[in-house]
Amino acid sequence: RNREPGGGLSIVAKDLTVTGDLEAEGVIRIEGRVQGNVQAGDQVLLSEGGIIEGNVMAREAVIGGTVHGSITGMDRVELQAEAVVQVDIATRRLLIHEGGRVNGGVSMEAVDAER
C-alpha cells in the first residue's frame, strides 16, 4: 500500500501501558494497553490481547484485541476473530471475521474526517 511520506510506525509493546492520547501521521500498532484516544493518519493496528480504553480514529483500523470506545475508520474497519468492540463503529467498509464481536452500533454512511 502507498504510504504518505513521513508516516512511520509507532509501537506500544505488549508489556507497556500508556495513559493519555496517542496521535501519529502513519501507523500505530498496539500490543499492550492504551488508556486514552488513539488517532493515526494511516492505520491503527490493535493486536490480539491489546486493549484500547478510548476512541480510535484512522483511515483504516484493524482490531484484534478489545476496544472500549468508538472506532471511526475513514476507509475501512476490520475486526479479527478475537476482537471485542464495546461501543460504536463508523466506517465506509466493515469486515468482521468469524468470532469478532461488536456490542454497539454500526454506521456505514460516509464518514466525515472532522468527526
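Let's start with Arg76, whose side chain makes a polar contact with the side chain of Glu60, at 3.3 Å. Keep in mind, everyone, that this is a predicted model. Arg76 has another partner too: a polar contact of 2.8 Å joins its side chain to that of Glu78.

So where does this arginine sit? Arg76 is found in strand E11. And is Arg76 buried or exposed? Its relative accessible area is 17%, and the cut-off for buried is under 20%, so Arg76 counts as buried. Leaving out residues up to four places away in sequence, Arg76 touches Arg59, Glu60, Ala61, Val62, Thr91, Arg93 and Leu95.

Now, on to the nonpolar core. The largest one has 22 residues, and those with the most contacts inside it are Ile30, Ile52, Ile63 and Ile71. Which strands each supply at least two residues of this core? They are E4 (27-30), E6 (38-40), E7 (43-46), E9 (56-63) and E11 (71-79). The largest share, 4 residues, comes from E9. As background, nonpolar side chains in soluble globular proteins tend to be buried together.

Setting aside its neighbours within four places in sequence, Ile71 is in contact with Val56, Ala61, Ile63, Val77, Val85, Asp88, Ile89 and Ala90.

Finally, stepping back to the whole protein. We have 15 strands and 0 helices. There are 115 residues, and 42% of them count as buried. Among contacts with a separation of 6 or more, 6% are between residues 24 or more positions apart. As for the surface, the protein exposes about 6,200 Å², with carbon and sulfur atoms supplying 43% of that. Thanks, everyone!

Key
Residues are numbered from 1 along each chain as its sequence is written. This is a predicted model: local features need pLDDT of at least 70, side-chain atom pairs count only at pLDDT 80 or more; totals for chains, interfaces and linings use all residues. Side-chain values use heavy atoms; hydrogens and water are left out. A nonpolar core is a set of buried Ala, Val, Leu, Ile, Met, Phe, Trp, Tyr and Cys residues joined through side-chain atoms within 4.5 Å. Buried means under 20% relative accessible area, exposed over 50%, partly exposed in between (1.4 Å probe, protein chains only). Contact means heavy atoms within 4.5 Å. A polar contact is a pair of N or O atoms within 3.5 Å; within protein, one must be able to donate a hydrogen and the other to accept it, and residues adjacent in sequence count only if both atoms are side-chain atoms. Accessible areas come from the Shrake-Rupley method with a 1.4 Å probe; for residues, only the protein chains shown count as cover.
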